Amino acid sequence: MLAALFVSAAIVERSSPPARSDLATTAGARPGRLVSITPATTEILFAIGAGDRVVGVTRYCDWPPEAKALPRIGEFNRPDVEAIVALRPDLILGTPSPANRPAVEKLQSLGLAVAVHKASTIDELKSAIAAVGRATGEEAGARRLLLEITRSFRDVAERAKPLKRPKVLFVVSHDPIYAASPGSIPGRLIELAGGRNVVGDSKTEYVPFTIEQAIAAAPEVIIDATAMGDVKANPGYWARWRDIPAVRDGRVHAASGDYVYLPGPRIGRGLREIAGLIHPEVFVRGREGAE
Amino acid sequence: MKRLTPAKWIGVMAALAAGVAAIALVGTAVGSSGARPWSALSDETAFTIVFKYRLLKVLLAVAVGGSLAVCGVTFQALLRNPLADPYILGVSGGASFGAMVAIWVGLPAVLGFPAVPAAAFAGALGTIFLVYSVAGRGSRVSPHTLLLVGVIANAFFAAGVKFIWSRAAFTKRDEMVNWIMGELPENISLTTVAAFAAVSLLGVLVMIPRAKAFNLMSLGEDAASSLGEDVERTKLVGFFAASLLTAAAVAVSGPIGFVGLVVPHLLRLAFGPDHRLLLPASVLGGGIFLALADAVARSAPGGALPVGVVTAVLGCPFFLYLLKRGGVSG
């Protein structure tokens with residue numbers, strides 16, 4: 001019985017997969033059914049005008065609000081192969097991760113077109129936006145988005161240049177604390193916004209950090225992204241540590257959304273928000289409805 | 001000991017084989033999408049889901065589950081300990097440690113062989129070697145010493161896993177947790193299934209012919225040797241076959257718990273302690289249990305679960321129920 005099943009599986013595996021793999025590379029093609037396996041990619045698809053062709057997103061895709069109504073295909077690090085195949089996608093888009101690689105390989109071996117683009121640095125994000133634009137036939141939308149990002153980056157960087165550079169700590173997790181290193185996206189944004197990251201250079205994007213290190217490093221601003229959007233909940237974690245200048249001066253701030261550290265199309269807005277937290281005297285805060 | 005007749009043997013094995021067939025049908029019929037096998041012939045997407053995705057998962061689940069259960073029977077027999085399972089001598093700990101190292105330093109694939117299972121297998125082999133060389137006295141090995149060394153090895157590697165986890169990059173932690181949870185791999189090829197099934201068959205063919213010796217061992221080692229059994233040889237062959245097969249199973253699917261503990265007890269309770277039936281029955285019974293858990297995991301509302309979570313959730317209450325009824329014994 002098992003042998004019969006096994007033989008049937010062997011026969012099936014030998015049958016040739018449908019030839020769809022070429023779609024991913026054909027510039028100017030307009031694949032009709034798109035599935036995103038990364039929240040940031042979902043945001044890019046909507047931002048460049050391909051949102052109406054997206055038929056599946058991850059459980060964590062909550063932006064733009066329209067994405068929340070779409071069928072779910074698991075999580076970024078646990079994509080559900082079966083749910084994706086069932087949506088009959090013409091193209092699956094996302095960013096690569098070691099944890100989602102087995103699923104991506106399975107999808108490819110089933111003959112589905114998968115296009116993953118690295119986007120963990122700002123440069124990679126820009127090429128990912130361009131690549132997603134090409135793969136979906138939305139080159140114009142991608143160009144518009146890139147221009148917008150470049151403009152807000154230039155604007156913030158120019159205005160921040162002459163200002164003094166306060167010490168900044170950017171935290172993405174408590175217990176254990178993980179802080180953004182200079183090479184991470186928040187790290188780059190801090191620098192562009194005229195801040196000085198208290199975390200030293202590191203090979204990894206987020207490094208383990210302790211309260212003791214925070215006291216020793218004496219950041220003047222703490223940006224806490226652990227309870228995204230929940231401005232009141234966050235500073236409580238730090239309240240006991242009045243030795244830290246940021247705590248003493250009431251400059252512990254909650255990042256108002258994950259766009260601040262996700263490599264997505266709202267990165268320009270993230271930069272403006274960080275700049276507003278580091279230099280409130282110069283930058284108008286870009287936090288909608290948070291305070 | 002209930003008497004084992006050929007009729008009973010054939011009856012039980014036929015019933016379990018039917019169970020495997022049934023769970024294979026159920027396993028290919030359910031999943032996280034609404035695809036149904038009866039539309040597979042008319043619908044290309046359903047065909048892909050049913051035959052190229054679900055079927056391979058079911059086949060691997062049967063092979064891994066069967067392997068873990070038969071190894072569980074062997075360890076329980078040779079250690080004469082009802083709490084023994086395939087992981088008790090440190091194999092899962094060493095494999096987990098190896099896998100964590102591979103993820104941590106980002107080892108590349110070697111000769112097309114993915115790094116994480118390769119490192120897990122290497123970790124398991126290293127542990128087997130370590131545990132037996134520490135516990136062995138010449139050509140003799142005492143089950144109690146083995147158990148102690150195994151427990152210590154597991155504790156040490158658990159600490160090692162926690163150390164690596166706390167040192168690892170934030171972005172690698174998800175992959176580590178996914179692995180530790182115990183999960184049938186997402187990207188299963190027929191080659192994976194075939195290779196594992198071959199290893200599994202080899203292990204089973206070493207263990208099953210030793211059923212009579214295992215029966216004698218349950219009377220105690222002294223009694224067994226006075227009845228003319230080469231006790232040391234039986235232990236050595238049994239331990240190594242079961243350890244190596246466990247190592248292969250953990251390399252493929254991570255440390256999936258409870259299959260190797262609960263299924264042997266369940267079958268012993270249902271069909272008696274005679275290893276001539278228990279060993280082959282556990283191959284099929286373990287396959288049914290893990291394929292069932294996998295079917296539940298893949299079709300869980302709210303998205304697929306790691307199968308290791310389901311085996312524990314299904315296995316624990318059932319085990320406690322058996323214990324309460326007084327039905328569990330070594």
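This is a predicted model: local features need pLDDT of at least 70, side-chain atom pairs count only at pLDDT 80 or more; totals for chains, interfaces and linings use all residues.
Local features need pLDDT of at least 70 and side-chain atom pairs count only at pLDDT 80 or more, while totals for chains, interfaces and linings use all residues. Residues are numbered from 1 along each chain as its sequence is written, with chains lettered from A and ligands numbered from 1 in the order in which they are written.

**Exercise 1.** Find how many helices and strands chain A has, and what share of its residues is buried.

*Solution.* Start with the DSSP runs: helices are H or I runs of at least four residues and strands are E runs of at least two, numbered from the N terminus. Chain A has ten helices and twelve strands. Next, call a residue buried if 20 or more other C-beta atoms, placed from the backbone, lie within 10 Å of its own. Of the 291 residues in chain A, 48% are buried.

**Exercise 2.** Work out which helix of chain A gives the largest share of the side that touches chain B.

*Solution.* Residues are in contact if their C-beta atoms, placed from the backbone, lie within 7 Å. The contact takes 32 residues from chain A and 35 residues from chain B. On the chain A side, helix 1 (2-14), helix 3 (81-86) and helix 4 (101-109) each supply at least two residues. Helix 1 of chain A gives the largest share, seven residues.

**Exercise 3.** Decide why B:Leu323 is classed as buried or exposed.

*Solution.* First locate B:Leu323: helix 13 (residues 307-324) of chain B holds it. B:Leu323 is exposed because 12 other C-beta atoms lie within 10 Å.

Conventions:
Two residues are in contact if their C-beta atoms, placed from the backbone, lie within 7 Å.
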